[in-house]
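Please examine the sequence and the three-dimensional structure shown here. The paragraphs that follow lead from the whole chain to individual residues.

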Amino acid sequence: MEHAEFRVKAKEMVDFIADYLENIRERRVYPSVQPGYLHKLLPTEAPQQAEKWDDIFKDVEEHIMPGLVHWQSPHMHAYFPALTSYPSIMGDMLSSALNVLCFTWASSPAGTELETIAMNWLGKLLGLPDCFLNEKNDSPGGGVIQTTASEATLVSLLAARTRALMELAKLNPEVQSSELLGHLICYCSDQAHSSVEKAGLIGLVRMRYIESDENQSMRGAQLEEAIISDKAKGLVPFWVCATLGTTGSVAFDNLREVGQVCEKHSAWLHVDAAYAGSAFICPEYRHWLDGVELADSFAFNPSKWLMVNFDCTAMWVKDSTALHRTFNVNPIYLRHENSGKAIDYMHWQIPLSRRFRALKLWFVLRNYGVSGIQKHLRESVRLAQKFEALVLADQRFDIPQPRNLGMVAFRLKGDNALTERLLKRLNARGFIHAVPACFKGIYVIRFTVTSQRTTNQDILDDWNEIKSVAKEILIDVFGSENGNIIVPKKPRISLRETRELNATFGTSLLLANSPMSPKIVNGTHAAICDYEQVLTSCAQTFAQLKMEPKDSPEMRRRIRGIKMCGKKFSLDSCMDMVQGLMMEQPLPLCSEDMEDVSNGSSPGERSSLSLSPVTSSGTIKQDSNSDSNQLQVPPTPSRQYRSKSVDVSLTGLRLDDAKITIDMKNSEIIITPTGSKSIHDGIDQKAVLSDIEEKLNIGDKITQAFENFQDGLQMLSEYRQNNVEETESKSDDCNAKLTIRGPGSYIKKLIQQFSEGPFETEDSKPESDRGISTQSIRDKADAICKKCLHYKGKISK
């Protein structure tokens, strides 16, 4: 392939890659091929003559693609993420084209220094201590990019083994290193990755597994108990691997407890955070990183969740001299005049040569930025939470371990064989792909959000696939789609039963999506609102209410339905009722009124017994035998209905000759007793008066405004009755003023609803310009039938 052809075919390759990733959702995530399928499709020997590129690439689509597990698919939920991204792909393309080998600074100065810079950036994003960074030439710590987490684990174990053998050799100079090696022992959790066990095999050291607790976490007490026991046998603990985010259930070892034990017994602590390490870029997940300053090495895989192409494992060490002692070989052909002045990464790893991996990591960090990476991580966790909620809502399934980050371990209730059968059938169908895990004898299916292209709909589709297969299996085994799980059925309650169970409440059609699809709801829950704003909003609505006739068939039918049923309605229904009352034309009488008229009684004679549609449990009435500004309340009804939105009882109020002043400028109501009856402000009564005023002080707590107003007036009434004789003997100079404070519009409307009589207000707007007077509202409200809320009086124009 020459330059000209490369330019054309490489661009076609870019288009193919973009199309593949853009449409990957359409591909079957798990292949249906059998072992040996590709041997039957391809020749047994390489071609003797060159083949055309188009023929080669045709075989890729026809033979290679059908046999792939598509790791970038949104329906891929096996293992852990192995993400890629366009910046990382371009970094890999450029690295492959440059093909520089970064084993020493002299072999690639920019490659070496860019790796140091990128690792410092990444370490700071994770919140690692400064001892792991290499921002100064004399810093002993630093970061290096290894190929895999398995290699990082092996490198740390070999470095710790070298340190332990050197210390033992100083104490036992006559003993051979091979003999000392037999006394070494290292530790990890029983939930640690298999690469830890492999590192022990390669390092020729004993490995002891510490039993995890109920949360699959290794704890310090169990580790120290094992170390003390091994020391008594003549063994030397030298290395411990703590896992942050285990493979089976994303469990986290207690890093601080383990670190303190390692520090006490001089053991190297390596932290394996292959999957979960990326999450520490988000500050809300760094509590699992507590105690990392006690570690000697730390590693995680940006190639998993951080959208950096494989291979790329970030590893940091506190003291790089331990790596130098283990891997330092310095032939003359690798020496250069700047040795010791810059990092030579060949001394930090097992192989000699290394790729320019820092380039793709640098591209991703710059192209996404911290906020973009955090958004990606949080979205994966959110989707896992969504799947967890779906599983928990199905009584046939169980989640034996708490979900952490982006993975959910779930199972079918019952024997492990059911869950195993479910997983095998899911993978065989190929629409989703998952793998199992087992901890403490419990077989589970691991469901990990592995693709940045996964959406809410993908999660729902995958869950429907799981439920469908589970249903088939349970029917095959138990003959029922619920298996041996007893699922209680929700009882069906008819509309008639609903009305009988909720006799004191009405029905509301206000929550329907359309007028022809009503929904029956409990009257007390018909309004869904923010209670911090509901009263203010209600007052504003009253202030803006236009009391003009609204005569339409829809309005008449609505008001007729409200008046035919003597039950409670939502606030919106009551507002329609108020507007209907304000109409200028008279409304027809109810049947009860017609009977009363025939018996010689007039609607006006019983109007004092009616209830206002706005305040149904109590209304301030004006006594015809008292002064015009005397406030009274009828006795408490035998049955009280409370509703925070419109219902306030003022039962018990007895204020004779009270003067109410509205100070709209200061948003206050001032109640001043006048005449021969006043409130004495003596020393003994000051405490009581203070309590009343405090109760009447609404302040900024709009939620409890109505209740405080009612309770305060009740206390004031009781106080007034108990001290009536004393107050009568006092002069007007001893009058006390009680103040109610609150938002101005609310204060004004509150008084207009619950009182009658003269008001002194700083509102400069003339009475003639106001929409309607309080007395007019009272006349119209009192003309409502007590039983059926039907209009009983006539309103003159």
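What share of the contacts in the chain with a separation of 6 or more comes from residues 24 or more positions apart? Such residues account for 72% of these contacts, where a contact means heavy atoms within 4.5 Å. This is a predicted model, in which local features need pLDDT of at least 70 and side-chain atom pairs count only at pLDDT 80 or more, while totals for chains, interfaces and linings use all residues. Residues are numbered from 1 along each chain as its sequence is written, and side-chain values use heavy atoms, with hydrogens and water left out.

The chain contains 24 helices and 17 strands; these are DSSP runs, with helices (H or I) of at least four residues and strands (E) of at least two, numbered from the N terminus. Of its 797 residues, 47% count as buried. Buried means under 20% relative accessible area, exposed over 50%, and partly exposed in between (1.4 Å probe, protein chains only).

Asp-230 lies in helix H8, which spans residues 220-232. Asp-230 counts as buried because its relative accessibility is 3%. If residues up to four places away in sequence are set aside, Asp-230 touches Ile-185, Tyr-187, Arg-208 and Leu-235.

Met-93, by contrast, is located in helix H3. With a relative accessible area of 44%, Met-93 is therefore partly exposed.
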